[in-house]
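The stops below go from the whole chain to single residues.

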Amino acid sequence: MNSGSTQSLRGAARVAVLALLWGSTFLWIELALRGLSPLQVTLARCVLGAVVLTGALYATGRRLPTGRTVWRHIVIAAFFCNALPFALFSIGQQTVDSGLAGVLNATTPFFSLALGLALGTERGLRPVRLAGLLLGFGGVVVIFAPWERSGSLGGGALAILGAAASYAVAFVYMGRTLVGRGIPTLSLSAAQLVAATGLTAMAVPVSGLDAIHLSTTALVAVLVLGVFSTGVTFHLTYRIIAAEGATQAAVVGYLLPVVSVALGAVFLGESVGLRVAAGMVVVLVGVGLTRRKGALKPAPAVEEPGSAPAVEEPGSAPAVMAPAR
């Protein structure tokens with residue numbers, strides 16, 4: 001086997017592992033909520049992820065960023081890309097199945113594109129991406145089925161959509177303030193989770209003092225969620241971007257909902273109705289259309305919001321990298 005084939009296989013293996021870790025995020029959140037409150041799950045996830053990345057940072061001889069301006073940007077990014085969406089996912093999954101949560105998370109590119117158009121940082125929208133944008137939101141409407149009393153429309157689903165929208169805001173902000181500033185991505189990733197830990201900790205006295213019922217299942221779920229689905233996922237994402245580029249990493253965005261639905265069905269017994277399944281397919285087709293190369297002309301001298309930001313998020317769409325997210 002030649003070196004090219006070996007490298008290709010390694011790249012495919014990294015993508016597969018990342019899709020599994022990222023897609024399983026929603027399963028672990030679901031299980032962790034059996035013993036912890038949403039804010040407690042969020043805090044544990046941030047703490048464990050920060051420990052993993054900070055440990056990796058110092059083990060490789062790097063250090064956290066310095067400078068008041070940089071840290072101000074990091075704190076704002078940590079709020080929109082970590083603290084807020086992590087909490088919203090946990091809140092939403094109190095009433096929304098893990099598989100559906102993964103699908104709704106895949107709407108992040110739609111919000112990113114819509115926000116870019118609203119801010120004027122992206123323009124020249126061509127028919128194929130407009131169709132993808134409209135199709136994607138149409139798929140969300142099918143999933144929610146507001147015309148049915150038994151539809152999925154509710155506070156939990158809206159919270160998850162809010163998390164996806166928060167990622168979109170974070171991508172635009174990080175693209176303007178943190179990307180391409182000469183700071184190693186591992187340093188920014190670790191700093192962002194440290195900041196997210198601080199932000200989440202400040203909310204604990206308000207809604208994080210609920211009694212903890214930590215069973216073995218919940219404990220394992222929290223550990224895997226924080227260490228692997230948050231910390232390790234960051235590292236794997238940047239390995240993929242460095243080796244194959246952001247386009248290859250974006251493949252995970254299409255695999256993530258499939259993994260989340262499959263794991264939810266196998267391990268949690270979640271059922272997927274025909275309407276929800278149809279909506280999922282429509283959403284994924286819409287995502288594919290909005291990611292078409294050359295379909296959108298970025299505004300001059302402004303970095304495209306879809307470019308890889310400082311951190312990735314297990315639970316966010318890899319087409320536009322963020323913490324998962």
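A residue is called buried when its relative accessible area is under 20%, exposed when over 50%, and partly exposed in between, using a 1.4 Å probe and protein chains only. By that rule, 52% of the 325 residues in the chain are buried.

This is a predicted model, in which local features need pLDDT of at least 70 and side-chain atom pairs count only at pLDDT 80 or more, while totals for chains, interfaces and linings use all residues. Residues are numbered from 1 along each chain as its sequence is written, and side-chain values use heavy atoms, with hydrogens and water left out.

**Whole chain.** Switch to a cartoon view. Twelve helices and two strands make up the secondary structure; these are DSSP runs numbered from the N terminus, helices being H or I with at least four residues and strands E with at least two. Followed along the sequence, the order is α-α-α-α-α-α-β-α-α-α-α-α-α-β.

**Confidence.** Colour by pLDDT, the predictor's confidence in each residue from 0 to 100. The chain has a mean of 79, and 77% of its residues reach 70 or more.

**Helix H2.** Select residues 25–32. Is this helix buried or exposed? Eight of its eight residues are buried, so H2 is largely enclosed by the rest of the structure. Among them are Phe 26, Trp 28 and Glu 30.

**Core.** Next show Phe 89, Leu 104, Ile 143, Phe 144 and Met 174, which touch the most other members of the largest nonpolar core, a set of 67 residues. Helix H8 (residues 155–177) gives the most to this core, with nine residues. Such a core consists of buried Ala, Val, Leu, Ile, Met, Phe, Trp, Tyr and Cys residues joined through side-chain atoms within 4.5 Å.

**Leu 214.** Go to the loop between helix H9 (185–207) and helix H10 (216–244), where Leu 214 lies. Leu 214 counts as partly exposed because its relative accessibility is 45%.

**Val 285.** Finish in helix H12 (residues 274–290), which holds Val 285. With a relative accessible area of 40%, Val 285 is partly exposed.
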